[in-house]
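Subject: Structure handover

Hello,

Here is the structure I promised to pass on. Please look it over first; my notes follow below.

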Amino acid sequence: MPENLANARLHWRKKNALRKAYFEDCDYLQAIGVLPSPPAVPFAAPRIRSLMYLGARMDTDNAMARHKWPLDYLQTRGYIVNDRALDWRTFPEQVVGRRDRYAIIITLTDL
């Protein structure tokens, strides 16, 4: 789960360090098989669904903003061609509850 940066007043260097650490965490999860490997050919304009496991419900605009780093990761690692060409059919679904681990699960379907 990326940092919740809604209304955060961080110096750009601190924010960039957090983003870099998030990408490194995702790379590690991909290396050990938790995240799937990128497809042979990146999806050009996939349909996207998202399921968020959270401790408290987020309003929709902040939930969408929290997808910035995961979508940037998918683009930079070759899962998708461009994060501007995504087909969002629904807003991210949110499951609220106390868990050991909070997560964003993104499902991409090539059209």
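Asp72 and Lys68 form a salt bridge through their side chains, at 3.1 Å from N to O. A salt bridge here is a side-chain nitrogen of Lys or Arg within 4 Å of a carboxyl oxygen of Asp or Glu. Both residues sit in helix H3, four residues apart, about one turn of the helix. Asp72 is buried, at 9% relative accessible area, while Lys68 is partly exposed at 47%. Salt bridges with shared partners tie Arg19, Lys68 and Asp72 into one network. Buried means under 20% relative accessible area, exposed over 50%, and partly exposed in between (1.4 Å probe, protein chains only).

Some housekeeping. This is a predicted model, where local features need pLDDT of at least 70, side-chain atom pairs count only at pLDDT 80 or more, and totals for chains, interfaces and linings use all residues. Residues are numbered from 1 along each chain as its sequence is written, and side-chain values use heavy atoms, with hydrogens and water left out. Helices (H or I, at least four residues) and strands (E, at least two) are DSSP runs, numbered from the N terminus.

How confident is the prediction? The protein averages a pLDDT of 92, and 100% of the residues score at least 70. pLDDT is the predictor's confidence in each residue, from 0 to 100. Confidence is lowest in helix H2 (residues 60-65), with a mean of 91, and highest in H3, at 96.

Back to the charges. The count comes to five salt bridges. One of them joins Asp27 and Arg77, at 2.9 Å from N to O. This pair links distant parts of the chain, 50 residues apart: Asp27 is in helix H1 (residues 12-31), and Arg77 is in the loop between helix H3 (68-76) and strand E2 (87-88). Arg47 and Asp87 also meet in a salt bridge, at 3.7 Å. Arg47 in strand E1 (residues 47-54) and Asp87 in strand E2 are 40 residues apart.

The largest nonpolar core has 12 residues, including Tyr22, Phe23, Trp69, Leu71 and Tyr79. Such a core is a set of buried Ala, Val, Leu, Ile, Met, Phe, Trp, Tyr and Cys residues joined through side-chain atoms within 4.5 Å. H1 and H3 are the elements that give two or more residues to this core. H3 gives the most, with four residues. Apart from this core lies another, of five residues, among them Met52 and Ile104.

Best wishes
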